[in-house]
Amino acid sequence: MAEKRCSLTRGKRKEELSTEKTMDVQKVKNEEGHAQDNADVPLSEVDSSNGAVAGSEKAGFQVEPMELPAFEIIKGDRIEPFSFKFQFKNVEYSSGRNKTLLCYLVDKGNTTDGLMRGYLEDEHTGSHAEEAFFIQCLPNYDPSVRYTVTWYVSSSPCSACAAKISEVLKARKNIKLSIFAARLFEWEETDIQAGLKALHTAGCKLRVMKPLDFSYTWDTFVENEDEPLNLWEDCKENYEYYQGKLADILQ
């Protein structure tokens with residue numbers, strides 16, 4: 001997840017704006033500020049009324065509802081081809097790739113719901129796709145159901161998201177999560193490495209996407225009009241590079 005925060009930009013005001021229009025602009029700014037404040041809500045809250053403790057197998061772990069402005073999280077069925085090719089390209093230096101695409105599969109075992117599939121996209125102005133997943137995709141979490149969750153993400157989680165995901169997996173033992181990442185986000189940083197290790201310890205399966213994973217994700221999650229994915233020349237080489245770094249971190 002490269003460059004985890006983008007700042008909102010505005011055009012310059014014209015000097016000849018009338019007093020009435022200036023007041024309208026100020027009103028809009030105030031409303032936007034209020035929306036951003038509402039979005040800054042933690043991923044999880046422990047239900048203190050039941051005396052629950054996060055990390056316990058019987059914990060009353062509860063994901064608190066969160067208001068998400070429309071520009072922050074996009075949820076859909078199929079990704080636009082150019083966006084996939086750009087964001088998922090497993091280059092070593094990910095300059096300009098300032099958002100995360102998260103493709104997910106959720107298997108609820110013996111339930112009649114079938115396999116859930118879709119994707120989330122964040123703009124890094126507030127909530128990240130990883131934490132939004134548990135609120136938007138599993139809003140009716142059932143502790144009696146066994147969830148097998150697979151993510152294909154454009155980059156591995158930041159340290160904050162890794163910590164939150166680890167909390168969920170420790171508290172909700174019936175969720176088994178596998179994360180396949182196209183790239184490792186800032187893997188040289190100590191806190192990032194600690195976050196990846198915490199995920200591994202919490203039972204999350206971590207792996208870098210292989211060339212076949214890119215083709216599978218393209219076929220399953222992209223509006224590709226039945227066109228096959230032409231992998232870039234150094235795709236396999238870059239996979240081996242990142243997988244080696246991940247193995248070193250998790251050993």
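I began with Asp-77, which is partly exposed because its relative accessible area is 38%, where buried means under 20% relative accessible area, exposed over 50% and partly exposed in between (1.4 Å probe, protein chains only). I am working from a predicted model, in which local features need pLDDT of at least 70 and side-chain atom pairs count only at pLDDT 80 or more, while totals for chains, interfaces and linings use all residues. Residues are numbered from 1 along each chain as its sequence is written, and side-chain values use heavy atoms, with hydrogens and water left out.

**Salt bridges**

I then looked up the partner of Asp-77 and found that its side chain meets that of Arg-117 in a salt bridge, at 2.9 Å from N to O. Arg-117 lies in strand E5 and Asp-77 in the loop between strand E3 (73-76) and helix H2 (81-87), so this pair ties together parts that are 40 residues apart in sequence. The rule I applied for a salt bridge asks for a side-chain nitrogen of Lys or Arg within 4 Å of a carboxyl oxygen of Asp or Glu, and by it the count comes to six. Helices (H or I, at least four residues) and strands (E, at least two) are DSSP runs, numbered from the N terminus. Arg-117 is itself partly exposed, because its relative accessible area is 30%, and I noted that Asp-77, Arg-78 and Arg-117 are linked in a network of salt bridges.

I next checked Glu-121 and Lys-99, whose side chains meet in a salt bridge at 2.7 Å, N to O. This pair links distant parts of the chain, with Glu-121 in strand E5 and Lys-99 in the loop between H2 and strand E4 (101-107), 22 residues apart. Glu-121 and Lys-99 are both buried. I also recorded the salt bridge between Asp-213 and Arg-207, whose closest N and O atoms are 2.7 Å apart, and here too both residues are buried.

**Leu-120 in strand E5**

I stayed with strand E5 (residues 115-122) to look up Leu-120, which counts as buried because its relative accessible area is 0%. Leaving aside neighbours within four places in sequence, I listed the contacts of Leu-120 (heavy atoms within 4.5 Å), among them Ile-73, Ile-74, Lys-75, Leu-101, Ala-129, Phe-133 and Cys-137.

I found Ser-178 in strand E7, where it counts as buried because its relative accessibility is 17%. Not counting residues up to four places away in sequence, Ser-178 touches Val-149, Thr-150, Trp-151 and Lys-205.

I placed Lys-173 in the loop between helix H4 (159-171) and strand E7 (175-181), and it counts as partly exposed because its relative accessibility is 40%.

**Whole chain**

Among contacts with a separation of 6 or more, 76% are between residues 24 or more positions apart. I noted an accessible surface of about 13,800 Å², of which 47% belongs to carbon and sulfur atoms; accessible areas come from the Shrake-Rupley method with a 1.4 Å probe, and for residues only the protein chains shown count as cover.
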